[in-house]
Amino acid sequence: GGGRLAGFEEAKEIVEGCSIVVGMHPDQAAEALIEYAVASGKPFACVPCCVFSREPQFRHRTLKDGSNVANYKALIRYFSERFADYGVRVASLPFEGRNLVVYSLGKSGGAQERIAT
């Protein structure tokens, strides 16, 4: 029910039981959110906002052409390139500001999407 989580184990159980992983401007958790979804085979949607290119833990981010991820468009491209094998796509949401959603329908989502269209 509602209320506070009892602790890490309860939070872990809830996350593992989710059928989709969603992050709306998750800041520094964006990449971890996508990594978790890919590792667990779950569909995801992430609307990243901040790049954090100067933070030490994100300086490893480079694009396939070798350039650093230094702005928002490069961050979106980085996620698209890094998780390309997982069927990642990008779409624009109908609101102002950082509105690009990086998403995947999950391991079996590609076939479902082809059938639906």
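Student: What does the accessible surface of the protein chain come to, and what percentage of it belongs to carbon and sulfur atoms?

Tutor: Accessible areas come from the Shrake-Rupley method with a 1.4 Å probe, and for residues only the protein chains shown count as cover. Here the accessible surface of the protein chain is about 7500 Å², and carbon and sulfur atoms hold 54% of it. Please note that this is a predicted model, in which local features need pLDDT of at least 70 and side-chain atom pairs count only at pLDDT 80 or more, while totals for chains, interfaces and linings use all residues. Residues are numbered from 1 along each chain as its sequence is written, and side-chain values use heavy atoms, with hydrogens and water left out.

Student: In what order do the elements of the protein chain run from the N terminus?

Tutor: Helices (H or I, at least four residues) and strands (E, at least two) are DSSP runs, numbered from the N terminus. The protein chain has four helices and four strands, in the order α-β-α-β-α-β-β-α.

Student: What percentage of the residues count as buried?

Tutor: A residue is buried under 20% relative accessible area, exposed over 50% and partly exposed in between (1.4 Å probe, protein chains only). Of the 117 residues in the protein chain, 29% count as buried.

Student: Where is L63 placed, and is L63 buried or exposed?

Tutor: L63 lies in the loop between β2 (44-47) and α3 (72-82). Its relative accessibility is 6%, so L63 counts as buried.

Student: Which residues does L63 touch, not counting those up to four places away in sequence?

Tutor: Contact means heavy atoms within 4.5 Å. On that basis L63 touches V69, A74, R77, Y78 and E81. The C-alpha atoms of L63 and Y78 are 5.6 Å apart, although 15 residues separate the two along the chain. Y78 is itself buried, at 6% relative accessible area.

Student: How many aromatic pairs are there?

Tutor: A pair of aromatic rings is described by the distance of the centres and the angle of the planes. Rings of Phe, Tyr and Trp (its six-membered ring) pair if their centres lie within 6.5 Å; planes under 30 degrees apart count as stacked, over 60 as edge-to-face and the rest as tilted. The count comes to three aromatic pairs. In one of them, F52 and F58 have ring centres 6.1 Å apart and planes at 35 degrees, so the pair is tilted. F52 is partly exposed at 24% relative accessibility, whereas F58 is buried at 9%.
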